[in-house]
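Student: I have a structure open on my screen and would like to learn how to read it. Could you walk me through it, one feature at a time?

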Amino acid sequence: MAEDPQITEDGLDALREKAARTGKAQDHGIVPAGSPFPKPASTSYHGNPVLKPPTWTWQVPLYFFVGGMAGISAVIALVAHLFGSAGLTRAGLWVGFAGALISAPLLIADLGRPAKFLNMLRVFKLRSAMSVGAWTLSGFSSAVGLAVGCHELILAGYGNDFLLVLEWTAEITAALSGLILASYTSVLLGVTAIPVWSENRKLVPVVFLAGGLGSAAAVLELLGFLIPVTQFIGIVAGTVETVVAILIEVRGRYVDRPLREGAVGWLTRAGAALAGPTSLLLRILSGRSSVARYAAAVCFLIGALISRYAWVGAGRVSSRDPQALFRIQRRAPNTTAR
């Protein structure tokens, strides 16, 4: 925006005349030359950012991706066990366990040292998404690890009633905590003051859960489970990703500009295109081809991973845009009045 023109005596006279004629005079304000007062700005808070950008390292979006995939894999394993699919049960448990083993180091790496992660487990705070997340990851890792151990012992011929009950208990616990693990990260974004996250607090959980669901199915397909169930899950997840991408474009909201414009916008669109239309068309048009199924799985995994980085990047861009926050604040009284 261009600088305001220099105020002259003629300009002041015009303001006085307008005030006398209409009872009010609107202008950008007058700042005395050389004064210590900050210059009025319509695009920032006295030229400074209003919010601090997220300081997350590259490990956090990767943790979002791996944790979501691991959590949903445990859910698939439990459902497969209920319906008697032994192979899918075993694969789902191992994928969940591998994801848990990867997730913990990623989260600890972002915190800086293991002591910080252990300190988060000293107190459980239900209203803190970080506290819930740390406890959920710990509980999920323990449960899915126990489920894998019990399952392998039973397959090796060491099964008994106690071990069978223990396995079912561990699988149910892993599935429940896995659902929380796959969704709490989206809540972690929504409870912040960053506009693009807070204004999409209902949409981000859908994106993250669909990404976790499709990624879990994609990994199982790459392991050889080209079955109707994984195909159906892939189609559902791809459809959700496509609808969300269209919704962001059609709404055209100012607060969503980081998701549509600039480098982050193109990153968002690339991730959505791979996880949405590309994988969906490969499944629908060439669903009977194993090569097409593998290609669809790879496209979805890459797209979902890119999407996690794009959402975090959009948060950084949005935190540097004071107007996004100002517009929300100006709209708040009207929302309350309704």
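Tutor: Gladly! Helices (H or I, at least four residues) and strands (E, at least two) are DSSP runs, numbered from the N terminus. Read along the sequence, this chain follows the pattern α-α-α-α-α-α-α-α-α-α-α-α-α, with 13 helices and zero strands. The model is predicted, so local features need pLDDT of at least 70 and side-chain atom pairs count only at pLDDT 80 or more, while totals for chains, interfaces and linings use all residues. Residues are numbered from 1 along each chain as its sequence is written, and side-chain values use heavy atoms, with hydrogens and water left out.

Student: How do I read a pair of aromatic rings?

Tutor: A pair of aromatic rings is described by the distance of the centres and the angle of the planes. Rings of Phe, Tyr and Trp (its six-membered ring) pair if their centres lie within 6.5 Å; planes under 30 degrees apart count as stacked, over 60 as edge-to-face and the rest as tilted. By this rule there are three aromatic pairs here. One of them joins Y63 and F64, with 6.2 Å centre to centre and 50° between the planes, a tilted pair.

Student: Why is the pair of F64 and F208 called tilted?

Tutor: The ring centres of F64 and F208 are 5.8 Å apart and their planes stand at 50°, so this pair is tilted. F64 belongs to helix α2 (residues 59-82) and F208 to helix α8 (residues 204-222), so the pair ties together parts that are 144 residues apart in sequence. Y63, F64 and F208 form one aromatic cluster.

Student: Is F208 buried or exposed?

Tutor: Buried means under 20% relative accessible area, exposed over 50%, partly exposed in between (1.4 Å probe, protein chains only). F208 is buried at 2%, F64 counts as buried at 3%, and Y63 is buried too. Of the chain's 338 residues, 43% count as buried.

Student: Which charge lies over the face of F208?

Tutor: A charge sits over a ring if NZ of Lys or CZ of Arg is within 6 Å of the ring centre and within 35 degrees of the ring normal. For F208 that is R308, at 4.5 Å from the ring centre. R269 lies over the face of W266, at 5.3 Å.

Student: And which residues make the contact between α9 and α12?

Tutor: Contact means heavy atoms within 4.5 Å. Helix α9 (residues 228-251) contributes T230, Q231, A237, G238, E241 and I248, and helix α12 (residues 290-319) contributes R293, F300 and W311.

How values were computed. Axes are lines fitted to C-alpha atoms, for helices over the stretch in contact, and angles run from 0 to 180 degrees between N-to-C directions.
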